[in-house]
Amino acid sequence: MLKVDLHCHSNVSDGVLTPAAVAAYARKGGVDAWALTDHDEVGGIKAARAAAEEVGMRFVPGVEISVTWANQTVHLVGLHVDEDNPELLAGLAATRHGRDARGREIAAQLEAAGIPDAYEGALKYVGNPDLLSRTHFARYIVETGLCNTTPEVFRKYLTEGKPGYVPHRWATLEEAMDWIRSAGGIPVIAHPGRYKFDATAEGALFDEFRQRGGNAIEVVTGSHTPDQYATYAEVARRYGFLASRGTDFHAPGEARVEFDALPPLPASVTPVWHDWF
C-alpha cells in the first residue's frame, strides 16, 4: 500500500523548510506519494517536483487556498493543479493582497497586549514576504519565551476573542473552486474538523461544496484528532466524498503527527488518489 501525504507546507508559505527539504523529510518518514500545498502560492512546486523525483517519490502539485465562508476562514486544498495556469495565478495573487496590512494590525494589537516589535519579529520567520501569516507571529511569540509552543500561542493569542486576532476577507468558495478547476485540479475541503461550525453550518458547507461539484474532503490529517478520523470517514460515506490524507506539515516538531506516524485512511472510504497511481 502506498503511503500518501497530500497536505504539506514549505517556507514558500508558512512552513520552515525549503520545498526540497520537505520532500527529503517526507521521504525519510516513509512517504511514497507527496503533494506540496503551500498557502495561496504555487511558487515552490517546480522545486518540489524535482526534489520528489530525486528521492523517488511520486509527486502531486497542489495549493491550499484561504476562503471566507459564513464569516469564518475555511481552507480548500487543490490537488493536481497546473501551477502555470493564468486564472489560478491571478486568483492567488488577489488572495495574497492585503496580508501585509493585516500583519501590521496584528502587530499593533500584540503591542497593546505587551508584545512589542512583533511585526519585525514575525518577518524573521517569513520565506515569502507576501505570505505573512499568524503562524509567523506565533513562532516569534515562542521566541520571546511568552509561550513554549505554537499551539500554546494559538490558545492565548491570534484567535477570535484573543489579542492579535484580525479577520481577513479571503476568496469565496465558488471563486476558489473555479480557480482550482481552471488549473485542472481537484478541490478538497481541508481539515473540516478544525472549523468552529455547529452541525447545521457544517452540513451547509458540505451541501454547498457538493452542489458546486466538490467531491473530496480530508479525513486523516494532522489537524484532526484520532476520534475525528472516524467522524469524517462517516461524513465522506454519507455525502459520497472521496477521502484525502495529509499531515498538514509545517516544521519538524511542530506537527501533531509526523510523517511516519500518521495512520492510513479507514478501509471504509475511497481515497481521492484511487485512480492516480
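The model is predicted, so local features need pLDDT of at least 70 and side-chain atom pairs count only at pLDDT 80 or more, while totals for chains, interfaces and linings use all residues. Residues are numbered from 1 along each chain as its sequence is written, and side-chain values use heavy atoms, with hydrogens and water left out. Helices (H or I, at least four residues) and strands (E, at least two) are DSSP runs, numbered from the N terminus.

The buried residues of α3 are L88, G91, L92, T95 and R96. Viewed down the helix axis, these buried residues of α3 fall within an arc of 135 degrees, so they line one face; the arc is that of the directions from the helix axis to the C-beta atoms. Buried means under 20% relative accessible area, exposed over 50%, and partly exposed in between (1.4 Å probe, protein chains only). P86 and A94 are exposed on the face of α3 turned away from its buried side. The cover over the buried residues of α3 includes β3, α4 (99-112) and α8. Just after α3, G98 has a positive phi of about 100 degrees.

D82 lies in the loop between β4 (72-79) and α3 (86-96). Beyond its neighbours within four places in sequence, D82 is in contact (heavy atoms within 4.5 Å) with L88 and A183.

**Helix α9**

D198 caps the N-terminal end of α9, with a side-chain oxygen 3.2 Å from the backbone nitrogen of T200. Helix α9 (residues 199-211) has 13 residues, which at 1.5 Å a residue should span 18 Å, and its end C-alpha atoms are 18 Å apart, in agreement; the expected span is 1.5 Å times one less than the number of residues. Buried in α9 are E202, G203, L205, F206 and F209. They fall within an arc of 155 degrees seen down the axis of α9, so they line one face of the helix. These buried residues pack against β3 (58-69), β4, α8 (173-182), β5 (186-189), β6 (216-221) and α10 (226-239). T200 and Q211 are exposed on the face turned away from the buried side of α9. G213, which follows α9, has a positive phi near 95 degrees.

**Nonpolar cores and selected residues**

A nonpolar core is a set of buried Ala, Val, Leu, Ile, Met, Phe, Trp, Tyr and Cys residues joined through side-chain atoms within 4.5 Å. The largest has 67 residues, of which L6, W34, L76, L79, I217 and V219 touch the most other members. A second, separate core of 18 residues includes I115, L132, Y140 and I141. Setting aside residues up to four places away in sequence, L79 has contacts that include L6, V60, I186 and W276. S244, in strand β7 (residues 242-246), touches L79, I217 and V219, among others.

| Residue | Relative accessibility | Class |
|---|---|---|
| C8 | 0% | buried |
| S244 | 1% | buried |
| C147 | 2% | buried |
| D82 | 37% | partly exposed |

With a disulfide taken as a pair of cysteine sulfur atoms within 2.5 Å, the count is 0 disulfides.

How values were computed
A polar contact is a pair of N or O atoms within 3.5 Å; within protein, one must be able to donate a hydrogen and the other to accept it, and residues adjacent in sequence count only if both atoms are side-chain atoms.
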